[in-house]
Amino acid sequence: MSRFQVVSGKGGTGKTTVAAALALALATEGRRTLLVEVEGRQGIAQLFGSDALPYEERKIAVAPGGGEVYALAIDAERALLDYLQMFYKLGSAGRALKKLGAIDFATTIAPGVRDVLLTGKACEAVRRKDKQGRFVYDHVIMDAPPTGRITRFLNVNDEVAGLARIGPIYNQAQAVMRVLKSPQTAVHLVTLLEEMPVQETADGIAELRAAELPVGSVFVNMVRPHLLDEDALRTAAGGRRKEIAKTLTRAGVTGSAALVRPLVEQAAEHAERVGLEREQRAVLAGLGLPTAELPLIGDGVDLAALHDLATELRKQGAGEEGDA
Amino acid sequence: MTADTSGTDAAEAGLDTDALLDDPGIRIVVCCGSGGVGKTTTAAALGVRAAERGRKVVVLTIDPARRLAQSMGIDRLDNVPRRVDGIDGEGELHAMMLDMKRTFDETVEAHADAERARAILENPFYQSLSAGFAGTQEYMAMEKLGQLRARDEWDLIIVDTPPSRSALDFLDAPKRLGSFLDGKFIRLLMAPAKVGGRAGMKFLNVGMSMMSGTLGKLLGGQFLRDVQTFVAAMDTMFGGFRSRADATYKLLQAPGTAFLVVATPEQDALREAAYFVERLAAEKMPLAGLVLNRVHGSEASRLSAEQALAAAENLGDARIVDQRAGKAGLGDQEAPDPAVTSSGPTEPPLSPEAGQASGPEPAAEHQDTTENEPPHENIATSATTPDHAASPGRAASPADAAGPAGATADEAVGVEELTAGLLRLHAERMQVVAREHRTRDRFTALHPEVPVTAVAALPGDVHDLDGLRAIGDRLADGSAPAPAGAA
């Protein structure tokens with residue numbers, strides 16, 4: 001099973017939720033996972049209802065069987081300062097660089113450098129071992145940038161190659177790429193059963209594969225229950241309205257005559273949606289990737305809901321295979 | 001959760017979309033909001049509607065889904081406004097997709113002589129910057145907006161904002177890039193070339209060499225030389241970048257601009273929308289209102305979720321065993337609906353307020369309740385449905401001819417299953433409606449001053465101008481107090 005799991009997806013599909021549920025799911029039975037975010041949105045803190053995460057790994061949840069989920073909001077500027085400190089013992093010179101805007105420059109303007117720092121920090125956590133030589137984290141799960149930017153974000157090698165041809169950033173990029181392109185990594189995409197996210201997922205997978213990045217699973221999020229059989233719905237749209245009205249009255253609904261039309265119309269919409277969802281499922285099936293489905297959580301995702309989603313993921317064996 | 005919570009009886013002011021689109025004083029409409037809320041679709045629909053109301057409009061989209069671009073007839077990414085065919089009336093609609101690299105290139109070409117421009121365009125640092133920097137897209141969207149506005153060819157420019165990490169990036173990135181390009185650090189990088197050995201600047205050179213030494217170590221010497229070459233070549237343009245970024249920023253604050261914050265009635269999207277509203281106020285940028293996309297309503301809202309579920313249970317209790325007909329209750333999913341799973345006899349159905357007159361109990365009593373297998377057990381049978389009793393052809397079958405009175409027991413069960421299904425579906429819809437309402441109320445409590453238009457959810461995606469027109473109608477009608485009904 002991949003030790004580094006990257007979760008991307010179109011905006012609005014619930015990447016952060018899926019990444020968090022995956023971190024919980026993989027932390028069962030005494031394992032330890034690290035959930036990282038890289039876009040400074042504090043999405044993890046919001047989800048777990050905690051204070052804003054500092055640039056520091058801290059325990060954010062426990063999983064069944066004594067497992068632990070740690071979280072970290074990676075900040076490119078801090079990662080660069082750490083890095084300079086580690087390799088150059090810069091001390092106060094680092095602060096001077098910061099004052100001059102050099103750190104800002106390197107992390108914001110210099111293309112690709114920011115991404116190398118962010119992915120580099122995550123890869124460091126993937127490889128980190130304790131004194132006994134065991135991995136500190138069994139899995140690292142990244143709440144990554146959206147599908148439209150994920151390949152460029154991960155393909156730091158290409159980004160940096162044209163610029164830094166030698167030096168530590170170059171070396172760092174090489175080391176990061178070795179982890180990212182290995183079977184240790186799986187890049188998952190989150191989608192909804194709607195046309196645009198599914199199309200974007202298909203495009204994203206093609207891009208990832210072209211860049212030789214290991215594609216993992218597709219997570220279909222916010223799947224709504226099907227409450228009525230489609231053929232029954234079609235019948236409902238037919239000539240049984242009088243019967244339905246009578247049945248409604250018998251079931252204790254007053255004024256049922258006026259309700260039949262809207263109820264049947266709602267059913268027709270539902271049928272249309274079910275039909276569209278089926279088409280999208282077929283497109284997803286055609287991608288030939290492992291797929292997991294997560295139900296819609298209506299009232300906002302809280303910790304209890306995350307645990308439910310994690311259980312669902314464990315049941316479906318999510319995160320356990322990739323095509324690399 | 002009673003029937004009246006579902007009505008859009010909100011206290012907030014309505015957003016009059018048509019008045020906004022018709023206002024000759026409004027020259028720019030900016031659609032912003034978090035990812036996945038339908039910004040681009042909203043921008044395109046507003047464009048179609050404004051054009052068909054007689055204005056000459058250009059829609060600047062950033063990264064449209066392929067189908068949406070095709071719906072306006074633009075599948076070429078060529079950075080030039082193209083006229084959209086099929087617009088009714090006197091108005092015109094033009095649409096373009098932003099090509100950020102080309103916009104950057106054009107900006108360089110427009111502000112440097114040919115030789116210098118070539119040196120810049122060929123510089124590796126420039127090439128990465130123009131294609132890859134996280135803020136370039138935002139900056140170039142603003143640059144393009146400034147250019148379009150300066151041409152003064154259109155009555156109205158509608159801008160879609162880039163899919164940013166967060167909604168706020170869109171406002172910050174142009175300033176950031178602008179201040180970088182003529183900032184302290186860039187000037188330092190240029191300093192050796194410019195100030196040479198002037199005595200007074202010596203200390204600066206010490207700092208400079210320390211820094212370029214560090215950066216050189218970090219990034220490799222070649223990188224630094226590329227940056228220095230780039231900076232030297234760009235030197236004359238820096239002032240221009242900064243002043244244009246400032247001018248566009250001022251343009252956004254001017255009365256001729258209107259911001260529309262786009263969201264869906266979900267917690268995250270509305271939280272981002274609230275941030276955005278606050279930020280626009282802080283930046284003194286004119287907010288026209290909130291477009292709330294994909295809102296659900298129900299024309300049967302007087303029947304509450306509880307009432308519908310109770311009625312469905314009455315029918316369920318009365319059910320006669322029939323494996324063939326037993327399938328209508330559930331589809332192919334395990335139903336997570338607690339109301340369905342708790343249909344055991346221990347939990348008496350809630351008495352529906354609206355149903356007091358006739359009362360649910362008699363229905364249960366006069367039917368033969370021969371078994372009470374929960375509907376769940378029928379999942380297996382439901383998989384085999386397509387060819388059986390509920391096929392479309394059945395609509396004209398004996399059930400209608402004979403009427404319910406003369407129907408066989410089998411058919412009577414069929415209609416009860418069907419009706420119970422309709423009721424459960426309605427209950428789910430009402431729960432969604434109530435949830436969206438609560439989320440929306442939280443936003444309204446924070447920002448009661450923001451006018452809102454609610455756009456009813458469509459079952460599918462938009463593929464053509466008619467689809468965009470339909471959205472446009474909804475945008476215009478969405479401030480009406482009645483709930484946007486069946487989609």
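Trainee: Among contacts in chain B between residues at least 6 apart in sequence, what share joins residues at least 24 apart?

Mentor: In this predicted model, 82% of those chain B contacts join residues at least 24 apart. A pair is taken to be in contact if the two C-beta atoms lie within 7 Å.

Trainee: How many helices and strands does chain B have, and what part of its residues is buried?

Mentor: Chain B holds 19 helices and 8 strands. Of its 487 residues, 50% are buried.

Trainee: Which residues bring H4(B) and H7(B) into contact?

Mentor: From H4(B) come Met100(B), Thr103(B), Phe104(B) and Thr107(B). They meet Thr136(B), Gln137(B), Met140(B), Glu143(B) and Lys144(B) of H7(B). Sorted by class, this contact has 3 nonpolar, 4 polar and 2 charged residues.

Trainee: Turning to chain A, why is Glu212(A) called exposed?

Mentor: Glu212(A) has 11 C-beta neighbours inside 10 Å. A residue with 12 or fewer is exposed, so Glu212(A) meets that condition. Glu212(A) sits in the loop between helix H10 (195-210) and strand E7 (215-223) of chain A. Its phi is positive, about 60°, although Glu212(A) is not a glycine.

Trainee: Why does Met222(A) count as buried?

Mentor: Met222(A) has 20 C-beta neighbours inside 10 Å. The condition for a buried residue is 20 or more, and Met222(A) therefore counts as buried. Met222(A) belongs to strand E7 of chain A. Met222(A) also has a positive phi, near 55°, in a residue other than glycine.

Trainee: How do you know that the buried residues of helix H7 of chain A line one face?

Mentor: The buried residues of H7(A), residues 147-154, are Thr147(A), Ile150(A), Thr151(A), Phe153(A) and Leu154(A). Viewed down the helix axis, they fall within an arc of 165°, so they line one face of H7(A).

Trainee: Why can residues three or four places apart in an α-helix point the same way?

Mentor: An α-helix has 3.6 residues a turn, so residues at that spacing point the same way.

Methods. Residues are numbered from 1 along each chain as its sequence is written. Chains are lettered from A and ligands numbered from 1 in the order in which they are written. This is a predicted model: local features need pLDDT of at least 70, side-chain atom pairs count only at pLDDT 80 or more; totals for chains, interfaces and linings use all residues. Helices (H or I, at least four residues) and strands (E, at least two) are DSSP runs, numbered from the N terminus. The arc is that of the directions from the helix axis to the C-beta atoms. Ala, Val, Leu, Ile, Met, Phe, Trp, Tyr, Cys and Pro count as nonpolar, Asp, Glu, Lys and Arg as charged, and the others, Gly among them, as polar.
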